[in-house]
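Reader: I would like to learn how to read a model like this one, feature by feature. Could you take me through it?

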Amino acid sequence: MTTTTDFLLAIEDLTVSFDGFKAVDSLTMYIDKNELRVVIGPNGAGKTTLLDLICGKTKSSSGSISFKNKEMTKMAEHEIVRAGIGRKFQTPSIYENLTVYQNLEVSYPEGRGVFGSLFFQTTDEVIKRVNEVAKEIQLENFLDTEAAILSHGQKQWLEIGMLLMQDPELLMLDEPVAGMSAKERDETAELLNRICENRSVIVIEHDMEFVKKIARKVTVLHQGKILAEGTMEKVQADEKVIEVYLGH
Amino acid sequence: MSYFSRRKFLGKTGALLSAMVAAGFITSTAMAADYPTAEVNTTGLAVTDDTVTVGILHSLTGTMAISETGAQEAEKLAIKQINESGGILGRQIKIIQEDGASDWPTFAEKSRKLLRNDKVAAVFGCWTSASRKAVLPIFEQENGILYYPTFYEGLEQSKNVIYTGQEATQQILAGLDWVAEEKGAKTYFLIGSDYIWPRTSMKIARIHIEKVLGGQVVGEEYKPLGDTQFGSIINRIRLRKPDVIFAAVVGGSNVAWFKQLNAAGITSKNQTLLTLSVTEDEVLGIGGENLEGFYSVMKYFQSLDNPNNVEFVKAFKEMHGADSVIGDVTQAAYLGPWLWKAAVEKAGSFDIDKIVEVSRTGEIELDTAPEGYVKLHPNHHLWSKTRIGQWNRDGQATVVFESDLIEPNPFPEGYQ
Amino acid sequence: MNFVYERFLGGKNGALAIAILAILILVIFPLFLDAFRLNLVGKYLTFAFAAVSLVLLWGYGGILSLGQGVFFGLGGYAMAMFLKLEASDPESTKIQTTPGIPDFMDWNQLYELPWFWIPFESFTFTLLAIILVPSIFAFIIGYSMFKRRVGGVYFAIITQVIAVILTVLIVGQQGYTGGINGITDLKTLNGWDIRTDSAKLALYFINALLLLGVIMLSKFILTSKFGQLLLAMKDKEDRVRFSGYDVSNFKIFVFCVSAVIAAIGGAMFTLQVGFMSPSFVGIVPSIEMVIFAAVGGRMSLIGVVYGTLLVNFGKTGFSETFPELWLFLMGGLFIAVVMFFPNGLAGIWNKYAPKVPFLRPLVNSSTNAETKSAPAKIESESTIEPESTTEGAKS
Amino acid sequence: MGDFSLQELTSILAMQGFVGISLFSVLLLMALGLAIIFGQMGVINMAHGEFMAMGAYTTYLLSVMTQTYFPELMNYYFLIAIVASFIVAGSFGYLTEYVLIRHLYKRPLDTLLATWGLSLIMQQSFRSFFGAREVSPTLPDWLMGSWMPTDSIFIPINGMFVLGLTGFVTLGVFLLMYRSAWGLNVRATTQNRVMSGAVGINTKRVDRLTFALGCGIAGIAGAAFTTIASTGPTSGSLYIVDTFMVVVFGGAASLFGTIASAFTIAQAQSILEFFISSSMAKVLTLLTLIIILMIRPEGLFSSKVRK
């Protein structure tokens, strides 16, 4: 049923309803390779639900999600991840009682089966990769720190780092700068611009200043539907968008 | 009964015991001198020149504490009385009490401790078949002797156990004969808790009803232990309309069974019911009003009118409180220490093998038992009478039938 | 060798802790306890298997099973069935209607051995059954629960209900199982009389060595990436899932391993105590096993062995002197551990031993140094409630 | 067999129907308190059975006192006993929440263990103060016997009484939870604890009172069950597993779910029991429940809520 496309991710006619309420309603959206897409929209627009649907946390009622021309809607979460989709949650979701090093090591995409994990060995390659990623997220000096005592911003980065360990082709970030200081925001924007060079990234964000820093193409969601799509300037000029979201 | 009164009691008897030992010192040494320790104890039991140690092993905690309380109280009374009358071979009896905690492995553990570490000369204890089965290999291995008080399913005869309660045929057959004859019963409904004793008892009952009495079993039901819903079974009873309900329900289920039976309108006015599992102890929980007019078949009832029993009841109430009651097992437990005393004195020794030897002669007897004259059969069970009591509202039974002495037959031919 | 040292013993500290435990149970107890007490300790150590299994499952996996007695019982019953058949030779059962079958079958009008008993005439089959039956059973339960993401309180209650079902079944089908009395009067193992003092001594050592082996195996599991993932799951299950791991497989595996460990304990129990009964299958023994683990420290493989020993010595000691007080003490102990010392003895040791100079070298060793992580906190359990219980919608 | 009339069969059928309803009322009365607590705080109270036994012992004490001091009031004491049981068990529940439960809200599994410890202590306390033997409160005459709508139908009065009481308590709980300001607070706290706190609901107080209410209802159940079953130190534990199943099967936080679940389980059990042995009926019922729960882990009667 899915049409073959060149898009990395093709979402077509996707709907999910909870007791009749359609959180995402006949949504169609395409993401290119190496694209950075920002999704904005008022509360309740269906942004997080959309990410939930893509990564398999919520099962769709109808429609299709095709990733590299492979249907994702019937796949289990871990299979979707292994196919190359990584997802960061709204609140930092890291293992508080492990060190930064362990957080990253655990995310290394080998030894993912039960027996694989039992006999998994920390090779030089693993250590090298952990150090690379730690440097990328500016936590190279915190490797032995228990994750629980990191600052909020550092936790957000650590989670992004855990995703980078898996080198996903599509990275989905749910409000990555929520609760960050201005400086941290800037650094995060740089980080995002760096990491989207060889992968696609979907970012959900509220902070318009931040969006402006990173956005190339923006999708505006409202009541589970796409309200507008295009460059930041185009979207900001859109009447409907101003009415429901930007205006007041 | 309660924690506090038991503590009080322990203190009291403690004081009593020491006073008695002091007072009886001269007579007991004089007697003990006739039986030098080296001669009466050749196997290293806990016997000194003036004391002998025994074990009491019942559940003081857990679900079985309900039933076993009376038994251990009776054993303590008997031992106290024996001590007051000069002890045994001139020696005062000392008690080591262990708690089986209603847990069979704990019984096994404690019995091993009593036999192996404490070297007790005899153990009075156990209540359920399961606990007895758990300790049996240990008594045989360590060569100890156990006086077991409960009426039980039979099918067992160990050199190391003296069974002071009735085995199944003694209790059941006489009861069924009576109900067939007196009530003209033809159809029977059997109901019990789901474990070995009721099942074995009902097996014997069924064979007796069908083969000997020419009656018919119209239903046989077992309820899981602890189950409290009897509505469905009561309806099935209504459907089958038996002349007699023959019941062996135990524990908490027993209370629910009689309460719900009564509420469903099945009372002694319209139904004959004979039970194997209600003694005066159970009546406390069930309530006399729910039992009124129904029959129990037992070898002993507290209301037995004979001088031995009157004295026993008086002594028991003095020791354990005026409102305590005495059931069949309590009385059987009371016999334990006395039977042991008789055997030891006849053997002139505390050695287990010698006690077993004289027990096998069939000549150990008691004239003073509250239930009346009893005699130990070579198969380690007691000859005893079987009685049928009809319950009154006040929780006491009126004995309406008494058999002759019945021979114990733990492996009944034709009933297996 | 280094691999073994690091992974099975847990490095220097871990090796030291295991060595101390080994000396205690292999040398000190046998030297200083009489045969009766040593046999008791042997019995306690069989419960320690169940406690160790709960460290994996509950301490690390965050999955509370209130039905560990089921597996203890399955192992115990498998062994008991073999021993009972050996004890029921036609010669010693000749007074029965049908000689050659276990006595309780004869009492229940069975005239031949039921089909599922027949394989237990083989010792090899029995040993296999002790491992396989519990793991298959655990697999079925685990698969159907964890694939549906049932966890937390729900899982605890369902395992408890399974314990009830099995108990009712064993008690109700007494012709096949021995009913409430259990399977008793076990005598020999392949002709070797297990009731003698020398046999009991030998069994004690076999049991102790097996326990140490199981602890080392568990250590291997916990020091692996698998162990780290368990901790990670307990903390943030979704993160693990969205890092590409099939979370349910890990849970099923750890549940099966814990089932087998408990079953080995059960089999050793039967051998040392000489019988098996449904009173080890039900709710109460299952929860007691949790108590042992909680008191010892749910995160410490070594700690729970001490916890098991302590609680059981307490139980025996107290019930010899103050039987009534025992339940008060046990209940109170349990509440206290849960409220004030969630890491149990191991946690207390961790906290106070550093203050005593000569104990300092030992600290960390006998505690939760299973993974390379800092002592894991007892977080709010990763209660994977069924979906509907998570309220509120995010969009 | 075979020699009974159609009328008798109908009567049996009617009475068997009542057996199911009666079991339903017993299960529901036990489960209500547990469900309220579980729904509100996600806590399974393992000592629930002991709170029930506390109600039963309160009834027993009142029965003894009435018989000793006011024998002429024997007909009425039972009604007072129900209220007293509620108050005694409820107050103790309040205390328990204060001393024990509130420290453990973030650790539901630990609450399960702590309340198990509490149940051990409570059982032993009963044994120490009331003795190990079972006790039986003397029931007023009007609770004895059965009602006969026809010659051959006997409906136990105590069964009807428990049924009526269950209906009354259920209605009370419904009104309290769904029609009172306090119930609104409770439901708000269940939905969103942080937000409720922010809008001025004293969530701690709500928790404490909910726990007390749940325990109090267990006390009422205890009083009611003295009419049909035994009162002993371990009586409470006889019901506990069935009660858990009702609550889990019914799904959390739903009064209707609890009612429907109790009804289903009771009917299944009593119908099966009429045809096969009680042990097997129990095994089959529990097994079926577990299998259904595997297929629908959120409980049979809870509606799907979006996540």
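Author: Gladly! Let us begin with burial: a residue is buried if 20 or more other C-beta atoms lie within 10 Å of its own. This is a predicted model, and in chain A buried residues make up 47% of the 248 residues.

Reader: What radius of gyration would a compact globule of 248 residues have, and what does chain A have?

Author: The rule for a compact globule of 248 residues gives a value near 18 Å, and chain A agrees, because its radius of gyration is 18 Å. The C-alpha trace of chain A spans about 55 × 45 × 35 Å along its principal axes. Its secondary structure comes to 10 helices and 10 strands. Of the contacts in chain A between residues at least 6 apart in sequence, 66% join residues at least 24 apart.

Reader: Now a single residue, please. Is Asp103(C) buried or exposed?

Author: Asp103(C) counts as buried because 21 other C-beta atoms lie within 10 Å, and the cut-off is 20 or more. This residue lies in helix α5 (residues 103-107) of chain C. Beyond its neighbours within four places in sequence, Asp103(C) is in contact with Ser88(C), Thr93(C) and Gln96(C). Ile118(C), by contrast, is 15 residues away in sequence and 16 Å away in space, C-alpha to C-alpha.

Reader: How many residues of chain B are in contact with chain D?

Author: The size of an interface is often given as the accessible area lost when the parts come together. Here we can count residues instead: 37 of chain B are in contact with 40 of chain D. On the chain B side, the elements giving two or more residues are α4 (65-84), β7 (216-223), α9 (231-240), α10 (251-263) and α11 (280-286). That side divides into 13 nonpolar, 16 polar and 8 charged residues.

Reader: Where does UniProt place the "transmembrane region" feature in chain D?

Author: The unreviewed UniProt entry places it at residues 12-39, 76-100, 153-178, 211-232, 238-262 and 274-295 of chain D. Over residues 153-178 of chain D, the chain is 85% helix and 15% strand, with end C-alpha atoms 38 Å apart. Over residues 211-232 of chain D, the chain is 68% helix and 0% strand, and the end C-alpha atoms are 24 Å apart.

Reader: And where in chain D is confidence lowest and highest?

Author: Where pLDDT is low, the predicted coordinates should not be read in detail. Chain D has a mean pLDDT of 86, and 95% of its residues reach 70 or more. In chain D, confidence is lowest in helix α7 (residues 193-198), at a mean of 79, and highest in helix α3 (residues 77-99), at 94. Over residues 303-307 of chain D, pLDDT stays under 50.

Notes. Residues numbered from 1 in each chain as written. Chains lettered and ligands numbered in written order. Predicted model: local features only at pLDDT ≥ 70, side-chain atom pairs only at ≥ 80, totals over all residues. Contact = placed C-beta atoms within 7 Å. Helix = DSSP H or I, 4+ residues; strand = E, 2+ residues; numbered from the N terminus. Nonpolar A, V, L, I, M, F, W, Y, C, P; charged D, E, K, R; others polar. UniProt positions renumbered as here; feature names shortened; annotations may be inferred. Rg over C-alpha atoms; globule rule 2.2 N^0.38 Å. Buried ≥ 20, exposed ≤ 12 C-beta atoms within 10 Å, placed from the backbone. pLDDT = per-residue confidence, 0-100.
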